[in-house]
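Subject: Structure handover

Hi,

Here is the structure I promised to pass on. Please open it and keep it beside you while you read my notes.

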Amino acid sequence: MLKGKKILVGVCGSIAAYKIATLVRLLIKQEAEVQVIMTDAASDFISPLTLATLSKNPVLTRYVADDNTGEWSNHVALGLWADLMVIAPATANTIAKIAHGHCDNLLTAVYLSARSPVVLAPAMDLDMWLHPATQRNISQLQADGCQIISPGEGELASGLHGKGRMAEPEQMAEWIATFFSAGRPLAGKNVLLTAGPTIEPIDPVRYITNHSTGKMGYALAQAFADAGAQVNLISGPVALQLEHPSVQITHVQTARQMHEAVTTRTATADIIVHCAAVADYAPAHAATQKIKKQGDKLTIELVKNPDIAADTGQKLQAGQVHAGFALETENEQAHAQSKMERKNFDLIVLNSLNDAGAGFGHDTNRVSLLFREGKREVLPLLPKSEVARIIVRHLTNILQAKSHVV
Ligand code: CTP
């Protein structure tokens with residue numbers, strides 16, 4: 001499947017480096033040409049001889065070979081040779097360095113010289129992964145065009161449990177195979193997507209929310225990733241799981257948290273889709289202690305939440321595609337049309353609660369698509385996965401049309 005594909009594998013110093021032996025073996029089995037570059041720290045975790053044997057190529061670690069032959073590893077030539085550069089495990093340190101353009105070893109020099117797409121499979125401890133500095137660096141690398149094979153959840157070498165575990169070699173090999181296969185119109189594109197409800201605390205035990213289950217948004221995340229996109233999914237609390245190497249999920253609770261998560265990622269997105277059912281109002285003050293039962297009436301003062309979609313719509317850059325959903329119970333078309341204008345959408349997906357089998361909690365949906373230029377497409381009742389594929393196809397077309405104009 002990978003016959004003749006030239007793949008640079010950059011290995012950094014993490015315990016997950018031992019898994020790279022399997023990755024290299026899987027790539028070689030698929031007839032790829034593999035060149036491994038290791039940092040000094042990486043060779044503390046796995047022997048260069050192992051990776052040289054498996055890759056059928058000497059492993060490169062230094063600009064100049066250690067054996068006094070004066071042989072020079074030409075980072076520019078390596079950067080030009082590759083069809084794909086994979087940095088795995090990508091440590092917090094190397095991620096930080098390349099995000100800032102540092103170039104203090106062969107691996108970082110090759111990264112800066114690479115003209116091929118670059119994909120990173122991060123591996124680190126839970127708190128290191130969640131640290132704002134790491135997340136900032138990851139966003140920067142995505143903005144620079146890198147793809148991320150999302151770390152998984154699970155037991156970490158530290159004994160902690162959580163996110164930070166490098167994707168399994170089989171997953172990475174599959175990601176690479178898909179990368180080189182056809183039918184990925186959104187390869188190299190970033191998608192920002194909201195999903196699920198928000199919850200707005202009244203006190204430590206109560207909150208205001210809605211019936212959204214997140215099914216449509218998660219189906220969209222899957223469909224975007226299948227089309228080759230890198231997906232940033234900002235999710236309210238849902239009972240769904242989605243493990244896909246190209247989908248990074250940020251969990252939030254309130255509309256304000258969702259707003260912030262979207263705002264910090266808007267500039268680097270090619271397509272932005274608001275699928276979340278955002279609470280329009282939140283309690284003005286969430287009580288710090290449980291509210292005790294008192295008289296016959298209780299009034300909770302609510303204040304308006306930010307309108308995430310409208311705010312994003314004001315900040316769009318040329319070429320970005322912006323889409324949202326409308327759930328209406330009456331005057332559907334007119335309301336959806338006015339939302340499209342107010343929020344500066346290219347496409348709005350109209351759900352009607354009046355249709356059997358459509359809306360909250362169902363696995364199927366019946367929607368109409370309203371396009372900015374006035375076109376309208378009414379879809380039959382379909383599985384949400386199929387609705388998602390159709391929406392992704394339309395948004396891809398809009399993106400391509402915009403990039404031809406720019
Ligand atoms: N939306 C948003 N932020 C909000 C409210 C809505 O980003 N505070 C987004 C939704 O994700 C959806 C679109 O805006 O894509 C329309 O949401 P909807 O709840 O139907 O519309 P509202 O703007 O809340 O308008 P109304 O309550 O008047 O129907």
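How many aromatic pairs does the structure hold? It holds 2. Rings of Phe, Tyr and Trp (its six-membered ring) pair if their centres lie within 6.5 Å; planes under 30 degrees apart count as stacked, over 60 as edge-to-face and the rest as tilted.

Before the details, two notes on the source. This is a predicted model: local features need pLDDT of at least 70, side-chain atom pairs count only at pLDDT 80 or more, and totals for chains, interfaces and linings use all residues. Residues are numbered from 1 along each chain as its sequence is written, and side-chain values use heavy atoms, leaving out hydrogens and water.

Helices (H or I, at least four residues) and strands (E, at least two) are DSSP runs, numbered from the N terminus.

Buried means under 20% relative accessible area, exposed over 50%, partly exposed in between (1.4 Å probe, protein chains only).

Phenylalanine 179 also pairs with phenylalanine 180: centres 5.0 Å apart, planes at 85°, so edge-to-face. The charged end of arginine 184 sits over the ring of tryptophan 175, 6.0 Å from its centre. Elsewhere, the charged end of lysine 375 sits over the ring of phenylalanine 371, at 4.2 Å from the centre. The test is NZ of Lys or CZ of Arg within 6 Å of the ring centre and within 35 degrees of the ring normal.

**The sheet**

Look next at the open sheet of 8 strands, in the order S12-S11-S8-S13-S16-S17-S19-S20, with mixed pairing. Strands S12 (247-251) and S20 (376-378) stand at the edges; each has a single partner strand, so one side of each lacks a neighbour in the sheet. From one strand to the next, the twist averages 15°.

S11 (residues 230-235) and S12 run parallel, joined by 5 bridges. Two strands pair if DSSP finds at least two bridges between them. Valine 231 stands opposite valine 247 in S12.

**The cores**

The largest nonpolar core has 40 residues. Those touching the most other members include Leu193, Phe224 and Val231. Such a core is a set of buried Ala, Val, Leu, Ile, Met, Phe, Trp, Tyr and Cys residues joined through side-chain atoms within 4.5 Å. Apart from it lies another core, of 36 residues, Met38 and Met166 among them.

Helix H1 (residues 20-29) is mostly covered, with 7 of its 10 residues buried. Those buried residues include Leu23 and Leu27. They pack against strand S1 (6-11), strand S2 (33-38), helix H2 (48-55), S3 and H8. Glutamate 31 follows H1 and has a positive phi, near 70°.

Threonine 91 is in the loop between strand S3 (84-90) and helix H4 (92-99). It counts as buried, at 10% relative accessibility. Leaving aside neighbours within four places in sequence, its contacts (heavy atoms within 4.5 Å) include Cys12, Gly13 and Met124.

Best wishes

Note on methods. Axes fitted to C-alpha atoms, helices over the stretch in contact; angles between N-to-C directions.
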